[in-house]
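Hi everyone, thanks for making time today.

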Amino acid sequence: MGQTFPKTRRVISSQRFTLALRTGACAADGCLVVFVVPADSERSPNVTRLGITIPKKTGNAVIRNQWKRWIRESFRTQCGNIPAGYDLIVRPKKGARGDWKSIQKSLPVMARKAIKRLSAGS
RNA sequence: GCAGAAGGCGAGGCAAUCGCUGGUUGGCGGUGGUGCUUUGGCAUCAGUUGUCGACUGGAGGAAAGUCCGGGCUCCGCAGGACAGGAUGGUCGAUAACGUCGACCGGCCGCGAGGUUAGGGAAAGUGCAGCAGAAAGCAAACCGCCGAACGAUUCACUUCGGUGGAUGCGUGGCAAGGGUGAAACGGUGUGGUAAGAGCACACCAGCGGCUAAGGUGACUUAGUCGGCUUGGUAAACCCCAUCCGGAGCUAGACCAAACAGGGUGCAGAAGUUGUCCGCUUCGCAAUGACACUCGGGUAGGUCGCGAUUGAGGCGACGAGCAAUCGUCGUGCACAGAUAAAUGGUUGCCAUCGAAGUGCUUGUCAUUUCGAGACAGAACCCGGCUUACAAGCCUUCUGCUGUU
RNA sequence: GCCCCCAUAGCUCAGAGGAUAGAGCGGUUGCUUCCUAAGCUGCGUCUGCGCAGGUUCGAAUCCUGCUGGGGGUG
């Protein structure tokens, strides 16, 4: 368990996206930018959900797909390391070049950092 | 062997494991309708949702750019014309095209071949800087000309003139020079004062006619004519042909919330207004609740994938070919929507580099490295552009050997 | 998804078939000043659709195809 990635673990509605990008806490390194917002407690209390945003300037469709897959894969394999109950919105850092290993390293670290900032801020 | 020309193939494979997603199917849970009911539930139906299994499918030759053409959908529409846009050798192919095939003409190349928006300039309008005399209709800068009329001058003279010379004027000419991208046919002979299609011969080119070949573009041959008519229409334009508009976020359906209309509750209570002020009553309005109506937002379902599509494959036939016809064939499930087709590992192929072995090879083996361009979004036919390693076919020129 | 526009000197723009490609700002040489600013004076850089091809005698300009950037709409 913890290795699957069904639809309930994804951020789907565009309202949640804008909410997270406007009001959420964020953390970034040279590779990823992570926005965090507390999850909708009524519907899904103890689930971490992931949403990915890739701007068109990142590259062509193949490169953007690759970023998505890498981010999704690293979330899928490591979401046990991330505290539950939050929505994450992940975006590649502007100008960063895709690289599977560094994404894998950076995602949980950035997520925890952003969650810490969120709880400190509130 | 070297140098080329044209075209094609190809888009690594097999496993293990962890995932994503569509379909079919089964179990379990939630939800809805119907029936029974002891109001606890039970049965059944189908839809939906979640989850756990099983089986099965899951990117391309360009999926890309969105440059053309269609299907499909909605809107508009009596017919025609104008405007606007597109196309432009001929014949054929096609649902259609600006696409494709074959052929014709022009240009480039020794050649295989390549390339070509290739109708009309004697309908009209416009444009051509600089240079040059002159840029479109003839004209004349340097120049040439003493045949004609003047002028000047010389000689002779029978004093009327005659014969020369001078390009100065009126004039004649366009051969030569030079400019330019382009200068009103070229060469030769005759001719002349000098010259000129002025005449003739040959050549180039234009137009008409005739004959032959071809469906045709056109080609070949003959003959006649004026002797020559410039370029540019991807300048306006003329001619011929084609085009109604918007697009799957098209469009159809369901439909929260807020606001609005109607009915009920019900004219009971509350609030506000009304009669000079207060109270009560009456009247009017309003709010709340329930039901309902239309439009329809958020959102959702369909459209949407073999259930009929200009489909694929195979055979036969027609055609030079593009392509078409007939027959056969369960050959055929990609359908996401914050958007699936992936990650990791192993093995085997391919290519390159370095090394090792001996059996020096079109060998074996070890290590390292490389594999592009690129991601369906309603669907087709084209075009254009991008594309690694590697491989194949046909043809041309030159050179060498036999 | 659909539609439209733009690309010229380091920057902002003009020029829209004729060859010298320009203007302003900027840079820079010199003059002026005790020095700077301002002013005057020259200068050059770089040059041209971003690229490729075509039409034309000639293309920054016309046509075609690509490349990059920006905007609108739903």
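Let's begin with Leu50, whose bridge partner in strand β4 is Leu88. Strands here are DSSP E runs of at least two residues, and helices are H or I runs of at least four, numbered from the N terminus. That pair belongs to the 4 bridges that join β3 (residues 49-52) to β4 in parallel; two strands count as paired if DSSP finds at least two bridges between them. Between β3 and β4 the chain passes through helix α2 (residues 61-78), and this β-α-β crossover is left-handed. Right-handed would mean that, with the strands pointing away from the viewer, the path from the first strand over the helix to the second runs clockwise.

A word on the ground rules. This is a predicted model, where local features need pLDDT of at least 70 and side-chain atom pairs count only at pLDDT 80 or more, while totals for chains, interfaces and linings use all residues. Residues are numbered from 1 along each chain as its sequence is written, and chains are lettered from A and ligands numbered from 1 in the order in which they are written.

Now the other neighbour of β4: strand β2 (residues 32-38) runs antiparallel to β4, joined by 7 bridges, and Val34 has Val90 as its bridge partner. Further out, β1 and β2 are also antiparallel, over 4 bridges, with Ala28 opposite Val33. Put together, the 4 strands make an open, mixed sheet in the order β1-β2-β4-β3. β1 and β3 are at the edges with a single partner strand each, so one side of each has no neighbour in the sheet.

So how enclosed is β4? 7 of its 7 residues (86-92) are buried, so the strand is largely enclosed by the rest of the structure. Buried means 20 or more other C-beta atoms within 10 Å of the residue's own, exposed means 12 or fewer, and partly exposed is in between, with C-beta atoms placed from the backbone. Tyr86, Leu88, Val90 and Pro92 point one way, and Asp87, Ile89 and Arg91 the other.

Finally, the core. The largest nonpolar core has 27 residues, and Leu88 and Val90 are among those with the most contacts inside it. Such a core is a set of buried Ala, Val, Leu, Ile, Met, Phe, Trp, Tyr and Cys residues joined through C-beta atoms within 7 Å. Its largest share, 6 residues, comes from α3.
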